[in-house]
Every structure is written in structure tokens, then in C-alpha cells.
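Please open the structure in your viewer and keep the selection panel at hand. The tour below goes from stop to stop, saying what to select and what is there.

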Amino acid sequence: MFKPRWLGTIVALPLLLTLDGLGAGNLKRAQVVGSIAGMKGIVLVDQHPVLDKQAVFSGEVVSTGASSGVFLNLRGTVAILVENSELALTGSGEATAMALRKGALQVRSGSSQPARIYIGKASVVVRNDGDFPSICRIASVDKSSVVIADRGHVEIHGAGAPLIVPPGKTVRLEDGMPQAAGQLAGKVSGEIPSATDQRGGSGNVSPLNLSDAVYLEDLVATQANGRVRIALLGGSFLNVGARSQMRIVQHDAQSQQTEVELKLGTLRGEVVKLTKGGKFETRTPTAVIGVVGTIYVANVTTPQDTGVWSITGDVTVKNIDPNVLGTVVLHTGQFTHVGLGVPPSAPTVAPAGQVQTQLQHTDIEEGQAMGTTAGVQGGSTGGGATTGTQVGTGGGAAASAAPGISIGITGGLAVGASAISAVVGGIAIHGVTQAQANVSAAQSTLSDAANAAGQAAISANNAQTAATQAVTAAQQANNIATTIANQVNSILQGCGCVSPSGP
């Protein structure tokens, strides 16, 4: 029987369509996300050589060889990939999303939508800053990454709240988490247990003790009777009252840019005089509080209301919702409160008792710690001994025992009250028994002081090691920044690309 040749083709066509995933509604086409605007040296897309001006699609991987680079235009966002790097274009749902698998790149935002660059478990968002592009450099090796904000709005998203990276700053990440050592905000200069610290606002919670470091995004929380005083870099102080939760979102002592978030409880700020352009803001669930060289108290009892007192100086207060108009200025001794969705109340003179109560709720002496707030003096018979701690701004301690013997201990170490073996509750014991006990106490104190001095030496060594590591990390970050900048310039010159306006 005669069969036309084309009959077999018709029969086979549905099978071919099914096998290729093109039949039964499975037709899928990759989305164009941009194009190659210029390149230098060896550039591959999905391991295949590419041509200049070639379109690139979501799901493709762009890679560069040695002494190579590529200039990508991704719907207005520019990504410049340097040598020995690999970038996956992930954005089918996001216009300018990409994942840096290794190497380094520079990103310049230029579209209405922000650029998002995934690095490990975190992502970097580069968002337009007014009429100018925001510029960011990112380098990634294995699980370690460096994010350098050159200009505009750059933030890191990972576990916890987003971390804003101010222009000119560098943040190191390990496995997608910002490294606290690069974001030191201050240290604990006084505390009444118990207070806790949660690094980065997530993960393990640990006790917060005298001289402990406090980093950006740490969630500082106090318990029923706990209070903590934090000495910020640059000279300002934050006193956190009992049953409170606070975190330092931004603190740049050099540029005087500080943002603090009070989630719950009471906070007293003692802010050094800011120069022109300086900013010190406290944000609560309902209010934004601005000060310039001021002592103020903010109290959040519920998420629906914030009370604000000016202790000295002027304080500006407005609703945290930008759609709620109205700003008040508090002068010394005045009070306002800000409810949810309403402007601040008119300033009123706060009763003296009310102000005193707020101060008492946040009072804590510099260097104060439970069990080390006062010395205890023994009798003088038989060359008695005096032991205790000396309160100082550095949180240090001093101990003395027997005439002519004085031992100073620095580095934030305190000699505890446990060194006093001959005095109980401040009651002097007289007579020969007292003299013997005081001699014993002196010996014990000297022993404890020697131990503390040894610990101080260890602490100093650790501090020196940490400082060396910090300098090394800073130098490495600077080298990375310089390398990326040089390679970007080399790519732009080598491929003849027109560079967007620099930072």
C-alpha cells in the first residue's frame, strides 16, 4: 500500500515536541535580562565563547579567564565582572538579580528597581540614591566575601535585620554573615546584671559583661533588674534601662552618623556635640528622635506609644510614619509622647519627679558591675589591708594591700570581692584575730592581684592579636578594593566601553 513520505513526519512530530519539553503546554523560553556591552580577553557564557553586544538570558552563567573582564548592561544596571570570576544571572522574577559564585565585580545601579547580588547565604542590595547611581564592589572566595560601598545606598540582607553599609565602608562576611569585628560600635562601660547580647540580632544569646564589645545590629536586652551602659566610639553613651531591647543600627564616629533602634523599654542617650552634618537618631515603633549634643530619655511601654524627655538641650521628635506630618522641638525639661499614626503631642514641662524617675530607671555608674562597686576596709591593727575596686571610665580596677604596695590592673579586668577573705559584709573584726585575718586577706589579695595581672597580660596579648588581625583584615580589604578598581579600569580601557560617571 502506498504511504506518503510526509505521513511519518506528522506521526513523529508530537513525540519530538514532547521529548524536547515543548509540547503539552511545556513551552518555556529563557528571559532576556541584558546584553554584553563590552569585553576584554576570554569571556564565556555557559562555557561558550560570546560576541560583543550578545544578549544574555536568565539562568546563564558568565565567566572570565585570566586578564579578562566583561561589561554587562542588565536592564540599566551595570555589572563589571573582573578576571577569574563567575556570575550567574538568576533574575527571571527580579529584573537585576545575579549570584556571584567566585571572583569580584562592581555594580552600578541605574534602573528604577534595585540590583540584588547573592553571595552565599546573603544578598547585597544596591539601590538608586536620588539622581545618582549607587556603586558597590563585591569580592567572594569560597565562603568569605567582602562588600565595599563606594556611593549611595547599599545594604546586606541575611539572618536578622538588613545591615546598611555607609559609603566608604567595608563589611566582611563569612558564610553570608557580617563579621562583627569589622563593625564595632562601642563597649560596655557599666552594667548591673543581667543583660544579654545577641550577635547580629539572631543566633545564640550570651551574657553582656563589663568591657564586652558591642557591634552593629547586636540586640541588647536587659532583664527585670538589669541595666547596661554602652560607651560608643566617639564619646557618646547609651544607658539601657530594665526590661528593654535596643540595637545600634548605624554608628560612624568619624562622620558622626548614628542610628539607634529602641524596641521596648527605656533608653537614655548622652550625645556629644555633633558638627554640621552629624546625625544621631533614635527610632522607636512610633517615633524618630533627633539630637545634637543632648541628654534625652526615650521610653517605649507599648508598640503604640513613645514618651520622650529632654534632660538637657534640644530634641526634635516626629512620627516614624513619613505620611504623618508634624515635628516638635523639646527644650530642657520638656516632654512629649508620640502615638501610633498621630503627630507628637505639644511640648509640656515635665514634673521634676517624673524626670527624676526616668533618670533613676537608667542610672548606672561608669565602671560599675555587680559585686565590684565599693571597697571594704578592714581594721588597722597589725598593718591591716584595704581591698576593693576603683571605679574608672575605662572599666578598669585597682587593688592595694599592706603599706607601700600598690598594684594597678588595666584592660577592663576587675578584682572581685571574693579576694576579701577577712571581711564579711563590711563589718570590722577587731583584736589579734582581726590582725591575723587582715594579713591573710592581704596575702590573698596579692595572690588574686597577681592572677588578675596575669589575666590582664593575656587579655593584652589577645587585644594585640585582635588589633593585628583587624589591621591585616583592613589591609586585605584595601588590597581587594584597589585590585577590583584597577581591574575594572583595565576592562573599561581594554574593551573600549564608556564608563558611567564614577564615584
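**First stop: a loop serine**

Select Ser67, which lies in the loop between S5 and strand S6 (69-74); helices (H or I, at least four residues) and strands (E, at least two) are DSSP runs, numbered from the N terminus. Although Ser67 is not a glycine, its phi is positive, at about 55°. Ser67 counts as exposed because its relative accessibility is 54%, where buried means under 20% relative accessible area, exposed over 50% and partly exposed in between (1.4 Å probe, protein chains only).

Before moving on, note that this is a predicted model, in which local features need pLDDT of at least 70 and side-chain atom pairs count only at pLDDT 80 or more, while totals for chains, interfaces and linings use all residues. Residues are numbered from 1 along each chain as its sequence is written, and side-chain values use heavy atoms, with hydrogens and water left out.

**Into strand S5**

Next, select Ser63 in strand S5 (residues 61-64), which counts as buried because its relative accessibility is 9%. Not counting residues up to four places away in sequence, Ser63 touches Ile42, Val43, Leu44, Gln47, Ser85 and Glu86, a contact being heavy atoms within 4.5 Å.

**The nonpolar cores**

Now select Leu105, Val124 and Ile156, the residues with the most contacts inside the largest nonpolar core, which has 34 residues. Such a core is a set of buried Ala, Val, Leu, Ile, Met, Phe, Trp, Tyr and Cys residues joined through side-chain atoms within 4.5 Å. Strand S9 (residues 97-108) gives the largest share of this core, 4 residues. Leaving aside neighbours within four places in sequence, the contacts of Leu105 include Ala79, Ile80, Leu81, Cys136 and Ile484. Apart from this core lies another, of 32 residues, including Val214, Leu262, Tyr296 and Val300.

**Helix H3**

Thr483 is found in helix H3 (residues 431-495), and it counts as partly exposed because its relative accessibility is 38%.

**Rings**

Which residues form the aromatic pair? Select Trp309 and Phe335, whose pair is tilted, at 4.8 Å centre to centre with 40° between the planes. Rings of Phe, Tyr and Trp (its six-membered ring) pair if their centres lie within 6.5 Å, and planes under 30 degrees apart count as stacked, over 60 as edge-to-face and the rest as tilted. Trp309 lies in strand S30 (residues 305-312) and Phe335 in strand S33 (residues 334-339), so the pair ties together parts that are 26 residues apart in sequence. Trp309 is buried at 6% relative accessibility, and Phe335 is buried with a relative accessible area of 16%.

Then go to Arg229, which lies over the face of Phe237 at 4.0 Å from the ring centre; a charge sits over a ring if NZ of Lys or CZ of Arg is within 6 Å of the ring centre and within 35 degrees of the ring normal.

**Last view: colour by confidence**

Finally, colour the chain by pLDDT, the predictor's confidence in each residue, from 0 to 100. The mean pLDDT of the chain is 73, and 64% of its residues reach 70 or more. Over residues 6-27 the pLDDT is below 50, and this stretch has 6 contacts in the model beyond near neighbours in sequence.
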